[in-house]
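Q: Pick one spot in this model and take me through it closely. Then carry on from there to the other parts worth a look, and keep it chatty.

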Amino acid sequence: MAKRTTSFICQACGAVYQRWQGKCEACGEWNSIAEEATGEVHAAPVASGGARLKKGRVIALEGLSGTPMDAPRLPAGIAELDRVTGGGFVKGSVILLGGEPGIGKSTLLIQAAAAIGRAGARSVYISGEESAGQVRLRAQRLGLGDAPVELAAETHVEDILTTLAAGTPPRLVIIDSIQTMWTDAVEAAPGTVTQVRAAAQGLIRFAKASGAAIILVGHVTKDGQIAGPRVVEHMVDAVMSFEGDAAHHFRILRAVKNRFGATDEIGVFEMGGQGLVEVPNPSALFLGARDASVSGTAVFAGMEGTRPMLVEIQALVTPTALGTPRRAVVGWDTNRLAMVLAVLEARGGVRLGQHDVYMNVAGGFRIMEPAADLAVAAALVSSLADIPLPPQAVLFGEISLSGLIRPVPQSAPRLKEAAKLGFSEALLPEGSAESAKQAGLKTRNMNRIADLVAEIAGGTPRQRSRG
Ligand code: TYD
Ligand code: MG
């Protein structure tokens, strides 16, 4: 019989305290600490006949060949998803998929489950939020009504494990969502950190023992943390986040952690009436409705993992009406913008202290690379001077605090993609000029921030526009 004890646990990060307090010292969150029953954790039963290593048993690394690890991946056949997982679901691996409510997690996973089922493997979808009927209805609406997927509405981990262990071992199991799961192993209420952690442990143990790949859905709070399940992040093999902007149809799948693949690959989907559709050429989509004749827009030739991606950066610089000018950014890092503004002012002589600055990355896309510095600076100067940039030009380059513009990695694929999409010029640091020539683009070398300012404001005056 477990001793009945309670602890105070931060629901955001899982830190444990002896008594209640208003602020979690570990993660800085306010009002996140709740009292939970934390009886002794019994080891959840492994409901499968899968091999379990005996206590203290070791195996030689090279002795591992010849085990089922030989063919460990199962591709879903959805290219954008397989790209992010690193080529398919690894046998016995557990993925945590986070995302805001309504972003399309359940839609993506029922599509993945159907694809695996159609490929002839046992595929199970367990919903703790919707009834089996609701899940079936959605599948039918997506044209997947005939896919061989086992559906269940269940939240009790021990029952789930018993179901999974019956029959042929499943190859893919979807748990939608981990916050709704509970196990007998602990006494805490469902949804609490203790329950989420224990339920995840039971499921992870099943995955390792049976070879099934399990995807746990985790809901995300406003500020982007996977609520509760954040404490699960270190237990799983991969953490993925499904992002998007409610106002746009694009959805981006990103690997935050991946023990079996790169974390810089993204998958791009479009949410439509038929569910999520893959977007094999996102650049064309992101640049689709572009008007190159207005000032304040620049095309950044970016990279997402191994894939080049062209996106439009928009800036609007207007005289401020307030004492403190506003800086608003969507799709980029606010601190990075502050740095570019400071360098423009200190090294380029561009005065922006009396101007509001708004910056947006078109299409709801989010850029992570410092390589976007030059394109951001160009959009800002172009907006301030109200002079459009050359319409057929792409830009990239990292700005240093000294005002120098540094070359960035992988210039060749960036420029090839630009040429493919009909761009004829590149504004870039001299170090990347050779790749531009090879791609057949004209170049304008930008080695200092002052070169950029001179190029835009002091260069040949172009047709002025009022956009
Ligand atoms: P859902 O997968 O339920 O989101 P999550 O599981 O992340 O909470 O997606 C719900 C949203 O997606 C809903 O607002 C409607 C939209 N949607 C479509 O636009 N087309 C579709 O075919 C489907 C199934 C959903
Ligand atoms: Mg859902």
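A: Let's start with N31, which counts as exposed because its relative accessibility is 63%, and the cut-off for exposed is over 50%. Bear in mind that this is a predicted model. N31 sits in the loop between β2 (16–17) and β3 (33–37). What makes it worth a stop is the backbone: phi is positive, about 55°, even though N31 is not a glycine. For context, most residues other than glycine have a negative phi, and most peptide bonds are trans.

You'll find Q410 in the loop between β21 (405–406) and α9 (411–420). Here the residue is partly exposed, with a relative accessible area of 41%.

The peptide bonds have something for you too. D176 and S177 are joined by a cis peptide bond, with omega at about 5°. S177 belongs to the loop between β9 and α5.

Those two elements come up again around helix α4. The buried residues of α4, which runs over residues 157–165, are V157, E158, I160, L161 and L164. They span an arc of only 160° around the axis, so they end up on the same side of α4. The general rule behind that is simple: an α-helix has 3.6 residues a turn, so residues three or four places apart point the same way. What do the buried residues of α4 pack against? Their partners are β7 (123–127), β9 (172–176) and α5 (193–210). Just past the end of α4, G167 takes a positive phi of about 80°.

Now for the ligand. Ligand 1 has 16 residues around it, and G102, K105, S106, T107 and G272 come nearest. If you want to trace the polar pairs, begin with S106, where a polar side-chain atom lies 2.6 Å from an oxygen atom of ligand 1. At K105 the backbone does the work: a polar backbone atom there is 2.8 Å from an oxygen atom of the ligand. G273 has a polar backbone atom 3.2 Å from an oxygen atom of ligand 1. On its own, ligand 1 has 560 Å² of accessible area, and the protein covers 71% of that.

Which elements build the shell? At least two residues each come from α2 (105–118), α3 (132–141) and β13 (266–272). The largest share, 3 residues, is supplied by α2. Sorted by class, the shell holds 8 polar, 4 nonpolar and 4 charged residues.

S382 is part of helix α8 (residues 373–385), and it counts as buried because its relative accessibility is 0%. A polar atom of the S382 side chain lies 2.7 Å from the backbone nitrogen of G296. Setting aside residues up to four places away in sequence, S382 touches S295, G296, T297, I387, P388, L389 and I456.

S241 is the other serine, found in strand β11 (residues 238–244). It counts as buried, at 15% relative accessibility. Its side chain makes a polar contact of 2.9 Å with the side chain of E243. Beyond its neighbours within four places in sequence, S241 is in contact with G98, I252, L253, R254 and V256.

T5 is partly exposed, with a relative accessible area of 29%. From C-alpha to C-alpha, T5 is 5.8 Å from A37, although 32 residues separate them in sequence.

Finally, zoom out. The protein chain carries 11 helices and 23 strands. Of its 467 residues, 51% are buried. Counting contacts between residues at least 6 apart in sequence, 68% join residues at least 24 apart. The accessible surface comes to about 20,900 Å², with 54% of it belonging to carbon and sulfur atoms.

Notes:
Residues numbered from 1 in each chain as written. Chains lettered and ligands numbered in written order. Predicted model: local features only at pLDDT ≥ 70, side-chain atom pairs only at ≥ 80, totals over all residues. Heavy atoms only, no water. Near = heavy atom within 4 Å. Polar contact = N/O pair within 3.5 Å; in protein donor to acceptor, adjacent residues only side chain to side chain. Areas by Shrake-Rupley, 256 points an atom, 1.4 Å probe, with all protein chains shown as cover. Helix = DSSP H or I, 4+ residues; strand = E, 2+ residues; numbered from the N terminus. Nonpolar A, V, L, I, M, F, W, Y, C, P; charged D, E, K, R; others polar. Buried < 20%, exposed > 50% of the residue type's maximum accessible area, 1.4 Å probe, protein only. Arc of directions from axis to C-beta. Contact = heavy atoms within 4.5 Å.
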